[in-house]
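Look at the model below before reading on. The paragraphs after it go through a few places in turn.

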Amino acid sequence: MTTDTPATVRVAGLTRVFGDGGHAVRALDNVDLQVKGGEFFTLLGPSGCGKSTLLRLLAGLERPTAGTVHIDGRDVTALGPDRRPVNTVFQQYALFPHLSVADNIGFGLRMLGWSRSDRAARVYEMLALIQLEGLAARRPDALSGGQQQRVALARALAPAPRVLLLDEPLSALDVKLRREMQDELKRLQRETHVTCVFVTHDQDEALALSDRVAVMREGRICQVDTPAGLYEAPADAAVASFVGDASFLEVELLDTADGQATVRLPGGSVVRAVLAAGGTARGGDRVTAMVRPERVQVGAPGDGALEATVEEARYEGGTTRLRLCLDDGTTLFARAGAAPAWQPGARVGVTLPDGALRVLPA
Amino acid sequence: MTAAQRRWLLLAPAVAILACVAAGPLLVMLVYSFLEPGEFGGVRPAFSLDAWFSVLFARDMFDPEIVEPNIAHLAILWRSVSLALQTTLVCIVLGFPTAWFIATRPRGTRELWLFLVTIPFWTNLLVRTFAIQEVIRNRGLVNTLLMQAGVIDEPIQMLYTDFAVLVGMAYVFLPLMVLPLYAAMERVDRRLLEAARDLYASRWRMFREVVLPLSRPGLVAGSVLVFIPAIGAWVTPRLLGGGRNLMLGNLIELQFGQGRNWPLGAALSMTLLALVLVALLVYLRAVDPDTRRRDHG
């Protein structure tokens, strides 16, 4: 992925309103978006945030109320799904039950008017890609969930679409299989260089697979960034809490300079924090600051700037996830080493090193 | 009481009813078809193959040694099969778009459309058939409108033709096609249709490649449900076909009435039953691939 390739998908002012009058629901509200060629782009958000609607608008399965969709620089807003160079992997695979695996994979090619021999060659190529050469003649209902998933991928990839749309394709699989399919998906994308737009509500999946992620909420895009960017520098509290674990503290802003802030913690001690862009807070304001659990240092009582009580300790193999209650009642999540066996009720000292806190815009 | 005994005890009422009202009468018919006709109807207890013989053959009026095909019966047989097939075809052509229309309505309004389809069932068959008479007779609705519009000068003779019988039967049996077709189409996953469209199928090809094959069980069931009553129909052909265009049902009715030839009526009934069984065999053969596929999975 290079940053100066032209956008393969360009969405401008895209709006979709369902229903009318008093019952109108803005499923998608004035969304702008650009996906670069060869990128693995994820739409992440809770159910009902509009991510599936956005995907269906890209596929042409829905018509927008307002706005435009460009693919490869061509305006496809008015085109039906059969005239767009995109293919979709559907949530429950949607394989044709009356067709064999080979005929499922070849369906798009047949609709495009490929000759029988060209089709057979391409289908074989696809079967090799998903490593299911032996199952060409099977019916979909004779396949396991993971195999159906691969066939659905092959069917969508066979016509060599400019963009591959994936609508929560892994949500029907169990955890172990999902991990395998995530790797498989990344491999297929590496080998085919296809631009992917992936929809999921699973933040781990989004972080693991994506080049860039758009976090969506209530029909809008909150933030578009790389997985690391989202985790380290969330734009607001909603993104921070949706991507990874986050704790929030009320702090007093003392001073700001060059994206840095000096804040006073509830206990009175003063630390340096990162200042998120877009904030309007000034010195003296009460503001919300976010901290990731692995940045919180837990030690003996009196050891840190803050005093807390362990409310819950969950051993997670190698590390322990702690839920702490600060003396002012704030809940703080920490990830600590397994070594001392943390017990609920124990008193601990908490240190927030310089730069661990991130002051969010109100 | 063992489990097997209890099972038989529970089955007994159903078996008894089936024996009395289904198997019993059929057996009586079978026996009657091998007897001689009574003078005033009924049968005489004397064995005879005459009835079966005259289903398809006739003896020359003057020389009983000359045997020729029973042209009248063969014509009626052919008309019955042909009209039943045509009725099925018309019902398919009309029923497919209707069922598809209903299946694609929003969930809340489908029941209303289904109800509208079944409304004719709520009315007596005779009343509905007389209504059709009113529509297609020489001074009926259609001819009057056409003449007033200046399309035709003379009324078109539609009543008392095979066409009238076809119209009447298609009208009466259409719901029997629409309902199973709807049931099959309603089960077709909407995402399959979207997948087809997404894979470059036009609306028409989506219908042909996905909807049509997946609604085949409904199509086959509907065809059987229409064909079987159509081939044995007698009310509609009598009222709309007039006296001349008999179907098998009318011929059978005739034998038990004015004809006073119960054995022939019984033999003709058995022939009808055989035709229906053939139709059912074709049906089973047609749905077979599905059954086999399910066994595989």
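Is A:Ala94 buried or exposed? The model is a predicted one, and in it A:Ala94 has a relative accessible area of 5%. Buried means under 20%, so A:Ala94 counts as buried. To find A:Ala94, go to chain A and look in the loop between β6 (86-89) and α2 (101-111). The backbone there deserves a second look. Most residues other than glycine have a negative phi. A:Ala94 is not a glycine, yet its phi is positive, at about 50 degrees.

Chain B has a case of this kind as well. B:Tyr200, also not a glycine, has a positive phi of about 75 degrees. Its place is the loop that runs between α8 (190-198) and α9 (203-214) of chain B. With a relative accessible area of 12%, B:Tyr200 is buried.

Return now to chain A and its helix α5, residues 175-192. How far apart are the end C-alpha atoms of this helix? They are 26 Å apart, and this agrees with the 26 Å that its 18 residues should span at 1.5 Å a residue. Several residues of α5(A) are buried, among them A:Met181, A:Leu185, A:Leu188 and A:Gln189. Also on the buried list are A:Gln182, A:Glu184 and A:Arg187. An α-helix has 3.6 residues a turn, so residues three or four places apart point the same way. The cover over the buried residues of α5(A) includes the strands β3 (40-44), β7 (163-167) and β8 (195-200) of chain A. It also includes the helices α3 (116-129), α4 (145-157) and α6 (203-209). Just after α5(A) comes A:His193, with a positive phi of about 55 degrees.

The surface of chain B is the next stop. Which residues make the nonpolar surface patch of about 810 Å²? They are B:Phe101, B:Leu112, B:Trp113, B:Phe115, B:Leu116, B:Ile119, B:Phe121 and B:Trp122. Helix α4 (residues 107-118) of chain B gives the most to this patch, with 4 residues. B:Ile119 lies in the loop between α4 and α5 (125-136) of chain B. It is partly exposed, with a relative accessible area of 35%.

Over residues 291-297 of chain B, pLDDT stays under 50. For that stretch the model has 3 contacts beyond four places in sequence.

Terms used
Residues numbered from 1 in each chain as written. Chains lettered and ligands numbered in written order. Predicted model: local features only at pLDDT ≥ 70, side-chain atom pairs only at ≥ 80, totals over all residues. Heavy atoms only, no water. Helix = DSSP H or I, 4+ residues; strand = E, 2+ residues; numbered from the N terminus. Buried < 20%, exposed > 50% of the residue type's maximum accessible area, 1.4 Å probe, protein only. pLDDT = per-residue confidence, 0-100. Contact = heavy atoms within 4.5 Å. Patch = residues over 30% accessible without salt bridge, like charges linked within 9 Å, V, L, I, M, F, W, Y side chains within 5 Å. Areas by Shrake-Rupley, 256 points an atom, 1.4 Å probe, with all protein chains shown as cover. Salt bridge = Lys/Arg side-chain N within 4 Å of Asp/Glu carboxyl O. Expected span 1.5 Å × (residues − 1).
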